[in-house]
Amino acid sequence: MIQLTTDERIQNVTQSKPVILTGLRANNDLHIGNYFGALLPLIDLAKTRSEEFQINLFVPDLHSFTTPIDHSALQADIWNNLRIFAAAGLPLDNPDIFLYRQSYVSAHSELAWIFDCFTGFGELSRMTEFKDKSARLGVDHIGVGQFNYPPLMAADILLYNAVYVPVGDDQTQHIEFTRNTAERMNNQFGDLFVIPKSVKEQHEFFGKDQGLRIKDLVDPTKKMSKSDESGRGIIFLGDDPDDAAKKIMSATTDSFGNIHFDFEKQPGVSNLLQIQALLLNQPLDETVRHWEGKSNYGDFKREVAELVKDFLINFQERLKHVDDSQLTAKLAADEIAMNEVANATLYKVQQAVGLRPQ
Ligand code: TYM
């Protein structure tokens, strides 16, 4: 049971170790792309290197409605995320790990507004995600929140001076945007922010898990994404394990009849190889070598399907045993500590831009 006082938490957070931070939105259930792309790299680090780093994991709840959602489900989704973090192995009793909800730290929204005013309209218009969505849906069907969430994400990262930010490949552009924002503000106002490491340096630091892009099982040219409507191409962490195995068995492959890793020519087979390597916690090369030259897609899919099924059975068993009272106690202490840190950064920025006296 966690029994830390607020003062102790504030003290822990001001010991100023380099910060590693990530956030996972609470929209729908999380899927294996979120799990392997962002959550697991952070948790692996939290388990092995929290002596050297402070680890921040948060639910970016304000990001949840950049696209329309069922607001009556948001609280349940936020708690589902928090429980998933615990079930994935986040060591809740470790004093160097901080867990919080974005909207409980109001400095995020305030700093995002300041960043908005230092961000070019053109710069945000060129963001791939915005460009794709506006081309697909038309600008009249996209909220301003979808357009300008990169400055909010930059605030999420820069408020805590995070150095490393484990994310999937789809967030690469946002990390670059965050670095540009920090550099621009620092150039104009002096050293306000720590600039997060470049994406290349982050990949080197995290190794195999970083820059991942798990693909949709039905259309393996697209990334696996929570917003996909049918759900047939996605393995959600809450999927019935047998249904998930069936999704793997009916995953789109190709007619080459040759198990070979090549995302360009054989995206479906390559995606399954990737998933198998992650589930076995094995270097991708090793998985590829094991299958190279073999041709029976049925056997291959059956193996991956079994692994997915076992993984979900174990994960869901752990999820059942998460203790909500532990999470509640941790959030209460950590959100106070995070407000301290975030408000101190915000105050420096407010001074720099003239909103507070020097
Ligand atoms: P979100 O919530 O869509 O996704 C959470 C994390 O999962 C990764 N991810 C994937 N990785 C591999 N393969 C996939 N198919 C896949 N799909 C998603 C994402 O890259 C992400 O790392 N804007 C962010 C949330 C956020 C954030 C932050 C992250 C808000 N503020 C600050 C880091 C730091 C987002 O929408 O991720």
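## Helices 12 and 14

In this predicted model, helix 12 (residues 267–280) packs against helix 14 (residues 297–320) at an angle of about 40°, with the axes 10 Å apart. Helix 12 is therefore oblique to helix 14, oblique being the class left over when angles under 35 degrees count as roughly parallel, over 145 as roughly antiparallel and 65 to 115 as roughly perpendicular. Axes are lines fitted to C-alpha atoms, for helices over the stretch in contact, and angles run from 0 to 180 degrees between N-to-C directions. Helices (H or I, at least four residues) and strands (E, at least two) are DSSP runs numbered from the N terminus.

Residues of helix 12 including V269, L272 and I275 meet residues of helix 14 including Y297, F300 and V304; contact means heavy atoms within 4.5 Å. By class, this contact of helix 12 with helix 14 has twelve nonpolar, one polar and two charged residues. Here Ala, Val, Leu, Ile, Met, Phe, Trp, Tyr, Cys and Pro count as nonpolar, Asp, Glu, Lys and Arg as charged, and the others, Gly among them, as polar.

## Helices 8 and 9

The axes of helix 8 (residues 149–158) and helix 9 (residues 172–189) cross at roughly 70° and come within 9 Å. Helix 8 and helix 9 are therefore roughly perpendicular to each other. Among the residues in contact are Y149, M153 and I157 of helix 8 and I175, F177 and T181 of helix 9. The contact of helix 8 with helix 9 divides into ten nonpolar, three polar and no charged residues.

Four strands form an open sheet in the order 3-2-1-4, with parallel pairing; two strands pair if DSSP finds at least two bridges between them. The edge strands, each pairing on one side only, are strand 3 (97–101) and strand 4 (162–164). Strand 1 (residues 19–23) pairs with strand 4 over two bridges, and I20 stands opposite Y164 in strand 4.

Helix 2 (residues 32–49) packs on the sheet and touches strand 1, strand 2 (54–59) and strand 3. Helix 15 (residues 324–353) also packs on the sheet, touching strand 2 and strand 3.

## Salt bridges

The structure holds 16 salt bridges, each a side-chain nitrogen of Lys or Arg within 4 Å of a carboxyl oxygen of Asp or Glu. One of them joins E129 and K133 (3.6 Å, N to O). Both residues lie in helix 6 (residues 128–137), four residues apart, about one turn of the helix.

## Basis of the values

Residues are numbered from 1 along each chain as its sequence is written, and side-chain values use heavy atoms, leaving out hydrogens and water. In this predicted model, local features need pLDDT of at least 70 and side-chain atom pairs count only at pLDDT 80 or more, while totals for chains, interfaces and linings use all residues.
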